[in-house]
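Trainee: I would like to learn how to read backbone geometry and disulfides in a model. Could we work through one together?

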Amino acid sequence: MARALLTHNLPILISFICLLFIHHVIVSNGISDVSNESFVVHQSPNCINDGDRSTMFLPLFPPKEISRPRDEQLSRRHLQKSPSSARMPLHDDLLLNGYYTTRLWIGTPPQSFALIVDTGSTVTYVPCSTCEQCGNHQDPKFQPEMSSTYRPVKCNIDCTCDNEREQCIYERQYAEMSSSSGVLGEDIVSFGNQSELAPQRAVFGCENLETGDLYSQHADGIMGLGRGDLSIVDQLVEKHVISDSFSLCYGGMDFGGGAMVLGGIKPPSEMVFTHSDPVRSPYYNIELKEIHVAGKALNLNPQTFDGKHGTVLDSGTTYAYLPEAAFVAFKSAVMKELHSLREIEGPDPNYKDICFSGAGSDISELSKSFPPIDMVFSNGKKLSLTPENYLFRHSKVRGAYCLGIFQNGKDPTTLLGGIVVRNTLVTYDRENERIGFWKTNCSELWDRLNLSPSPPPLPSVLDNTNSSANLTPALAPSLPPEHYAPGKIKIGLVSFDMSLSVDYSELKPRVPELAHFIAQELEVNVSQVHLMNFSAEGNDSLIRWAIFPAGSANYMPNATATEIINRLAENRFHLPDTFGSYKLVKWDIEPPPKRIRWQQNYLVVVVALLVVLIIGLSASLGWLIWRRRQEIPYNPVGSVETHEKELQPLN
């Protein structure tokens, strides 16, 4: 009797226990949902295409740096690995601009600059307010007097000093006859809202003179990633805040932009490595042994790619340059494989470009017309290149392409610029003296590396201007008071209307491409950019976009939302000229939808209720079966007569 009573109440007990568990889960999740993020205000420039062909970007002679003891330099390889890294987006386009830029913030309050990422330079510099011969760049000059944390680097025995012997100076000359010079200063440097690396003090150049391409370029300055004491990488490694590594990933032919990481990442299993000897050259070199065209090795001496500096990777150079013998063999081998294409004149009569028409406009189909290229390293590993890694679009003939690999004059150095590593993650693993290559889609790098968006770093304690209160007036028109209280603002999405001077029918098939550029300019994942409405407006097109939180989040991090809003409010982001002129008609922000607690955890609630229901039904059914068996008396076989009915015959 007691057993029957316990079995009868079992479903009720199980249901009660499960309900207590559900309550605990909901309360726990509700508490963890509180956010105390703070705002960081970042400004962004309006980029303009330069279009000039970029040439070799290597210093003519090794620069004099601020020296450090030899034993201190050797100790870098034994640094304890740090989990921090500066994850930064890249902007602009390799061929439209001739370079890629990233955004750096210097000073307190932060002043923003678009800097060319250059592995061939060893110092980071920006135009200074005292510069009398600096070009008209996209951002205002750096104003040391406006930064409360700026300090000049005083003259000492380890640096070159100015004439008054008061301050350290730097000078850089480049092979295309441009130059930069100025004084050295130290200030707080910030790496953007995708970086988990907090702002750091760093030494940089404050320009007082620019010449050549450095004067005429649209970008503000250079971010030096080369080997040297003034390199931003070396300085961060010396502070033990990153491991001795960095990575670059340039976008493909159809999509500009890309990504950069200062610090180490876990290399993909498919990444191909080659040795890089820091003693052989001050530049990042690789041990290139052979080049194969359509599976056949070029008939060259193996030492062809080992002359002078060897084979050098330079992110500040646009194209690739081969020694004379290698270029002649490469050109001949490629042309033998072009059976259905016609050779045509190049887009610029000042250059003897080798161009071909008839391949079509679809980049994914180029491999049907152009041969595959393999770069074979001394260790036997090879990097396979697609046509976008050695071609560029003909700017005047649709469906035509030109070779982006040229002869390097009489110089025996092999120079590989950015075109060779389009849609390729390149890891400069300086600690292990190697460089790795992994073919991938650089516009989706974080997803392909399975990296979740990084939390924004806390603002520097020296920077007391980055408070959320400064943003309240900008947000007040669109959000009720409870949503923009300092430290508690929650933005569910940012929407905006964009008018483009492109016909609706022409723009419609290019909407996915446009979404990639918008994601790049607003520094979000392309999966966050949603097309809400698309319509024609005379000869123009009107598009409504919405930027949603990343992943399954209900609202955006404050720093991310603030930067998007600033760029839209200031109308300071850039689209390629192929989309015509554009203007932002209006923009708005919306809070996340209000949900009661059980709705916020509806999935947990539903699953738990289903579990309770199944357990309850199973227990009840089991109890009924047990009770039924208890009511049927047990009779031995043969104790009761059975009557069998015979089958009736068919009539």
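Predicted model: local features only at pLDDT ≥ 70, side-chain atom pairs only at ≥ 80, totals over all residues.

Trainee: Which residue has a positive phi of about 65°?

Mentor: His240, which is not a glycine. His240 belongs to the loop between helix H5 (232-238) and strand S10 (245-250). Asn423 is not a glycine either, and its phi is positive at about 50°. Asn423 lies in the loop between strand S25 (414-416) and strand S26 (424-429).

Trainee: Is Asn423 buried or exposed?

Mentor: Buried means under 20% relative accessible area. Asn423 has 14%, so Asn423 is buried. His240 has 46% relative accessibility and therefore counts as partly exposed.

Trainee: On to the cysteines. How many disulfides does a search of the whole structure find?

Mentor: The search finds six. A pair of cysteine sulfur atoms within 2.5 Å counts as a disulfide. One of them joins Cys159 to Cys168, with an S to S distance of 2.0 Å. The torsion about that S-S bond is -75°, and the link of Cys159 and Cys168 is left-handed. Cys159 is buried at 8% relative accessible area, and Cys168 is buried at 0%.

Trainee: Which parts of the chain does the pair of Cys249 and Cys442 link?

Mentor: The disulfide of Cys249 and Cys442 has its sulfurs 2.0 Å apart. The pair connects distant parts of the chain: Cys249 is in strand S10, and Cys442 is in the loop between strand S27 (434-439) and helix H7 (445-448), 193 residues apart. This link is left-handed, with -80° about the S-S bond. Both cysteines, Cys249 and Cys442, are buried.

Trainee: Why is the disulfide of Cys355 and Cys402 right-handed?

Mentor: Because the torsion about the S-S bond of Cys355 and Cys402 is about 100°. This pair also links distant parts of the chain, with Cys355 in strand S19 and Cys402 in strand S23, 47 residues apart. Cys355 is buried at 0% relative accessible area, and Cys402 is buried at 0% as well.

Trainee: What is the pairing when the bonded cysteines are numbered in sequence order?

Mentor: The pairing is 1-8, 2-3, 4-6, 5-7, 9-12, 10-11.

How values were computed. Residues numbered from 1 in each chain as written. Heavy atoms only, no water. Helix = DSSP H or I, 4+ residues; strand = E, 2+ residues; numbered from the N terminus. Buried < 20%, exposed > 50% of the residue type's maximum accessible area, 1.4 Å probe, protein only.
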